[in-house]
Amino acid sequence: MNRRQLMSLALPLIAVPSLALSQTAPAAPAKAQSRDPYAPTEVAIRDDFEVGSIVVVSKDFFLYHVVAPGRAIRYGVAVGKDELVWKGKATVGRKVEWPSWRPTQDMIKRNPDAYEKYKDGMPGGPTNPLGARALYLYNARGQDTAIRIHGTTEPGSIGRAVSNGCLRMRNEAVMSLFDQVPIGTPVYVF
C-alpha cells in the first residue's frame with residue numbers, strides 16, 4: 001500500500017470523530033438535570049468508621065451517617081464560615097425537638113446588629129434558627145462544645161459556608177437523622 005492509499009483510508013477515520021463531536025448530545029432527562037446534590041443518598045464510605053457514627057467532611061458540605069460497614073446515608077450541610085469551621089471528635093450529648101436558641105457571646109460581639117436582640121434567647125418553633133431538631137455535640141470531658149447539628153430556616157444555605165460554626169441540615173433531613181441517632185453517637189468532623 002502506498003502513501004496515497006494510506007492517506008485516503010485514514011481521512012474518514014480522522015473526520016468521523018470531529019463529526020461526532022460537532023453533534024449536540026441529547027438532553028439529559030429532566031429528573032437528572034434537577035437532581036439535588038444535597039438530598040439524602042446512600043453511598044459507599046470507608047469501612048473503618050463504626051456503624052452508627054456521624055462523619056462530616058466540611059470542605060465538601062456533606063454529613064455521613066454510617067448505616068452499615070462501608071455504607072452511609074449522605075446529607076448536605078452548611079458549615080461554619082471562614083475561621084468558624086469547627087473540626088474534631090465529639091459525641092451527641094443531648095437531643096432536642098424544636099430547640100430554643102440563644103446566640104453565644106462571641107456571635108453577639110461579631111454581629112451585634114443581628115444577634116443582640118436575641119441575647120435572652122428565642123423559643124423553639126418554625127422561625128427559630130435551629131430549626132426542627134438539634135443534636136448537641138459534647139467533647140471527651142462531657143462538656144458542651146456549643147456546636148450543634150441542627151435544622152435551619154434557610155434551606156438554601158445548604159452546601160455553603162455560612163454558619164457561626166454549627167452544622168445546618170434541612171429540617172426534613174435533621175428530623176430523619178434525629179430519629180436514628182442515640183445519645184452517645186460518635187461524631188467526627190473533618
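The model is predicted. An unreviewed UniProt entry carries the annotation "active site" for H150 and C166. These residues are spread over 17 residues of sequence, yet they cluster in space, with a largest C-alpha distance of 7.6 Å. Both H150 and C166 belong to the lining of the largest pocket.

**Annotated residues**

- H150 lies in strand β8, which spans residues 144-150.
- H150 counts as buried because its relative accessibility is 4%, under the 20% cut-off.
- Beyond residues up to four places away in sequence, H150 touches C166 and others, including P129, L130, R133 and V174.
- C166 is placed in the loop between β9 (161-163) and β10 (167-168).
- With a relative accessibility of 14%, C166 also counts as buried.
- Contacts of C166, leaving aside neighbours within four places in sequence, include A78, V79, G80, I147 and H150.

**Strand β4 and its partners**

- Strand β4 covers residues 71-76, and five of its six residues are buried.
- Strand β1 (residues 41-44) pairs with β4 in the antiparallel sense over four bridges; E42 has I73 of β4 as its bridge partner.
- Strand β3 (residues 62-68) is also antiparallel to β4, with six bridges, and A68 stands opposite R71.
- The hairpin of β3 and β4 has two residues between the strands, and G70 there adopts a positive phi near 75°.

**Helix α5**

- D179 is located in helix α5 (residues 171-180) and counts as exposed, at 63% relative accessibility.
- D179 and K95 are separated by 84 residues in sequence and by 9.8 Å in space, C-alpha to C-alpha.

Note on methods. Residues are numbered from 1 along each chain as its sequence is written. This is a predicted model: local features need pLDDT of at least 70, side-chain atom pairs count only at pLDDT 80 or more; totals for chains, interfaces and linings use all residues. Side-chain values use heavy atoms; hydrogens and water are left out. Buried means under 20% relative accessible area, exposed over 50%, partly exposed in between (1.4 Å probe, protein chains only). Two strands pair if DSSP finds at least two bridges between them. UniProt positions are given in the numbering used here, feature names are shortened, and annotations may be inferred rather than shown by experiment. On a 1 Å grid over the protein atoms alone, a cavity is a set of points where a 1.4 Å probe fits but cannot get out, and a pocket is an open set with protein on both sides within 12 Å along at least five of seven lines; lining residues have an atom within 4 Å of a point. Contact means heavy atoms within 4.5 Å.
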